[in-house]
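Student: I am new to this structure and should like to understand the reasons behind the terms used for it. May we look at it together?

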Amino acid sequence: MYVTGNMKFSLKNYDDREDMPSINDIYGLTDQVIKDLPSPDKIYHRVKPEVVSVYITYINLDNKQKEKLIKNIESQRKWVFLDNNKDGMNYCHNQYHLVIYEEAITNDVMISIGWSQASKCRRTYLNINQGKKTRQ
């Protein structure tokens, strides 16, 4: 076990995909995050054996709308802020990741919500739940 920031990881690689969500599960999370925002300018999804994600782009989202986006995330009280890096603001909810990236020049906002076999969020979630199982 090793720790990086506020996330803990096991050195063994968990490769069981039976907990992979459906794309409808991801769209359900997406709807909650973009609630009361204008229709996205672009939206697409990716479903592969190791990734299920929805990608949303807003062109020229104004500051009030950006604040609403953050309020939507914070008001759910299930997304945990992980960090803010070159990829954007990163959040976790159980096995799911949420990334918000704002293009500085154009003010475009890209949102990615999904599940990835190798994500930090999933590894942390699995380690926490495996620890609960061993303590019972």
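**Confidence, sheet and links**

Tutor: The protein chain has a mean pLDDT of 85, and 82% of its residues reach 70 or more. Please bear in mind that this is a predicted model.

Student: In which strands is confidence lowest and highest?

Tutor: Confidence is lowest in strand β1 (residues 2-4), with a mean of 43, and highest in strand β4 (residues 51-58), with 97. Over residues 1-5 the pLDDT is below 50, and this stretch has 11 contacts beyond near neighbours in sequence. Residues 7-15 also have a pLDDT below 50, with 28 such contacts in the model. Where pLDDT is low, the predicted coordinates should not be read in detail.

Student: What makes the pair of aspartate 36 and lysine 68 a salt bridge?

Tutor: The rule asks for a side-chain nitrogen of Lys or Arg within 4 Å of a carboxyl oxygen of Asp or Glu. Between aspartate 36 and lysine 68 the N to O distance is 3.8 Å, and the pair is a salt bridge. Aspartate 36 lies in the loop between α1 (23-33) and β3 (42-48), and lysine 68 in helix α2 (residues 63-76), so the pair ties together parts that are 32 residues apart in sequence.

Student: Why is aspartate 36 called exposed?

Tutor: Exposed means over 50% relative accessible area. Aspartate 36 has 58% and therefore counts as exposed. Lysine 68, with 27%, is partly exposed.

Student: How many salt bridges does the rule give?

Tutor: The count comes to three. One of them joins the side chains of lysine 66 and glutamate 102, at 2.4 Å from N to O. This pair links distant parts of the chain, with lysine 66 in helix α2 and glutamate 102 in strand β7 (residues 96-102), 36 residues apart. Another is formed by lysine 86 and aspartate 87, whose closest N and O atoms are 3.5 Å apart.

Student: Why does lysine 66 count as buried?

Tutor: Buried means under 20% relative accessible area. The value for lysine 66 is 12%, so this residue counts as buried. Glutamate 102, at 39%, counts as partly exposed.

Student: In what order do the strands of the open sheet stand?

Tutor: Six strands form the sheet in the order β3-β4-β8-β7-β6-β5, and the pairing is antiparallel.

Student: Why do β3 and β5 stand at the edges?

Tutor: Each of β3 and β5 (80-85) has a single partner strand, so one side of each is left without a neighbour in the sheet.

Student: How do you know that β5 and β6 pair?

Tutor: Two strands pair if DSSP finds at least two bridges between them. β5 and strand β6 (residues 88-93) have five bridges and pair in the antiparallel sense. Asparagine 84 stands opposite methionine 89 in β6.

Student: Which strands does α1 lie across?

Tutor: α1 lies across β3, β4, β6, β7 and β8 (109-116), and runs at about 30° to β4. α2 packs on the sheet as well, touching β6, β7 and β8.

Student: What makes the link of cysteine 92 and cysteine 121 a disulfide?

Tutor: The cut-off is a pair of cysteine sulfur atoms within 2.5 Å. The S to S distance between cysteine 92 and cysteine 121 is 1.9 Å, and a disulfide joins them. The pair links strand β6 to helix α3 (residues 120-135), across 29 residues. Both cysteine 92 and cysteine 121 are buried.

Note on methods: Residues numbered from 1 in each chain as written. Predicted model: local features only at pLDDT ≥ 70, side-chain atom pairs only at ≥ 80, totals over all residues. Heavy atoms only, no water. pLDDT = per-residue confidence, 0-100. Helix = DSSP H or I, 4+ residues; strand = E, 2+ residues; numbered from the N terminus. Contact = heavy atoms within 4.5 Å. Buried < 20%, exposed > 50% of the residue type's maximum accessible area, 1.4 Å probe, protein only. Axes fitted to C-alpha atoms, helices over the stretch in contact; angles between N-to-C directions.
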